[in-house]
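Trainee: Could you take a close look at one part of this model, the side-chain contacts? Please go through them one by one.

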Amino acid sequence: MRRFCSLVLILIFSAVFAGCGDKGGKSDKDLFVIGFSQVGSESDWRLANTRSMEQTFTESRGYELRMENAKQRQDNQLAAVRNFILEGVDLIIIAPTVEDGWETVLTEIKNAGIPVIILDRSVSVSNADLFLTNFGSDFLKQGNEAVKWMEDQHFDTAQRNLRILHLQGSYGATAQLLRTKALEVGVAQHKDWEFAAQLDGDFTEAKGYEVVKDYLRQNRDFDVLYSENDNMTFGAMCAFDEAGITYGENGRVKIITFDATKKALQYCLDGKIDLCVECNPMHGPGVEELIRKYRAGEEIPKHVYVDESVYTRKDLTKEIIEEREY
Ligand code: AHR
């Protein structure tokens with residue numbers, strides 16, 4: 001009987017340790033292991049970004065990508081990153097939900113000797129040596145492009161100010177902070193521009209719909225929708241439709257949206273959205289290039305911005321939209 005119990009115990013221990021082995025830092029196949037803390041799956045943009053990373057960091061290219069979806073919560077990210085440290089991964093990539101609150105965990109990663117890449121958004125830390133590089137969009141430039149477009153429209157403000165309905169992304173995220181900053185500076189610089197309201201849409205279609213629908217119960221007096229991502233825009237358009245508010249080229253409200261996903265570009269070509277400001281999610285290849293350089297001991301820049309552009313109806317064709325990857 002004693003011998004039987006010992007055998008059972010050995011089997012249990014082997015099973016437990018075999019399981020741990022799967023999650024260990026060094027891969028059995030000699031792959032370069034990357035721990036990736038992704039923001040969530042809040043938008044079409046985010047899904048495309050995840051796809052780009054998964055398609056790039058594959059086993060056949062010598063990588064093991066361990067991705068954790070934080071469901072838009074920083075505490076989930078902190079837990080995931082601490083796990084990556086315990087696992088002893090080769091490199092950590094963080095797409096931060098918000099800018100603040102990273103100093104401590106980045107110091108822990110540095111002390112563990114693991115290099116870090118900040119993806120998409122940025123972190124606000126006192127010591128820039130805590131990460132290798134920051135790869136993503138120039139969100140302030142995006143916001144400035146939108147403001148410039150508004151200036152170029154020469155809206156008729158002789159009788160009344162231009163009223164802007166501002167739909168904001170998740171508070172504290174770089175994409176929200178800088179797109180908001182550009183607009184707030186624009187409003188401050190134009191005496192005849194004003195906010196009708198600033199609403200929190202959390203970068204999701206459902207929240208965008210909900211807050212705009214709620215707002216429209218009491219207010220309809222606005223001329224422009226400045227929406228900080230496509231999915232919130234789709235939600236707002238749905239609320240406008242239900243309320244009988246016309247928009248786009250032949251409508252009463254002009255729509256500015258950020259991301260320029262396939263669906264938004266199609267709406268733009270159809271005359272329903274006036275301006276699409278591109279936010280390029282295809283980060284995988286660019287990040288891999290940086291990792292290759294880093295591993296080869298080459299210098300890499302501290303901040304790398306992806307190429308992006310802006311689209312109005314006249315810049316678009318069916319072919320351009322069909323070719324788009326997201
Ligand atoms: O940080 C990039 C932003 O986050 C994109 O504009 C948005 O769609 C996403 O959720």
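Mentor: Cys276 is buried, at 0% relative accessibility (buried is under 20% relative accessible area, exposed over 50%, partly exposed in between, with a 1.4 Å probe and protein chains only). The structure holds zero disulfides (a disulfide is a pair of cysteine sulfur atoms within 2.5 Å). For Cys276, the nearest cysteine sulfur belongs to Cys268 and is 4.3 Å away. Cys279 is also buried, at 2%; its sulfur lies 12 Å from the closest cysteine sulfur, in Cys276, which is too far for a bond.

This is a predicted model, where local features need pLDDT of at least 70 and side-chain atom pairs count only at pLDDT 80 or more, while totals for chains, interfaces and linings use all residues. Residues are numbered from 1 along each chain as its sequence is written, and side-chain values use heavy atoms, with hydrogens and water left out.

Next, the charged side chains. The whole structure has 22 salt bridges (a side-chain nitrogen of Lys or Arg within 4 Å of a carboxyl oxygen of Asp or Glu). In one of them, Asp221 meets Arg163 at 3.4 Å, N to O. Asp221 lies in the loop between helix H7 (205-216) and S8, and Arg163 in strand S6 (residues 162-168), so the pair ties together parts 58 residues apart in sequence (helices, H or I of at least four residues, and strands, E of at least two, are DSSP runs numbered from the N terminus). Asp221 is partly exposed at 39%, whereas Arg163 is buried at 18%. Both belong to a network of salt bridges that also links Arg160, Glu194 and Asp223.

A further salt bridge joins Glu289 and Arg292, with the closest N and O atoms 3.7 Å apart. These two are three residues apart in helix H10 (residues 284-295), about one helical turn. Glu289 is partly exposed at 34%, and Arg292 is partly exposed at 47%.

Last, the rings. There are seven aromatic pairs (Phe, Tyr and Trp rings, the latter by its six-membered ring, with centres within 6.5 Å; planes under 30 degrees apart are stacked, over 60 edge-to-face, the rest tilted). Phe57 and Tyr63 are edge-to-face, 4.9 Å centre to centre with 85° between the planes, and both are buried. Tyr226 and Phe258 are edge-to-face too, since their centres are 5.2 Å apart and their planes are at 65°. Tyr226 is in strand S8 (residues 224-227) and Phe258 in strand S9 (residues 254-259), so this pair ties together parts 32 residues apart in sequence.
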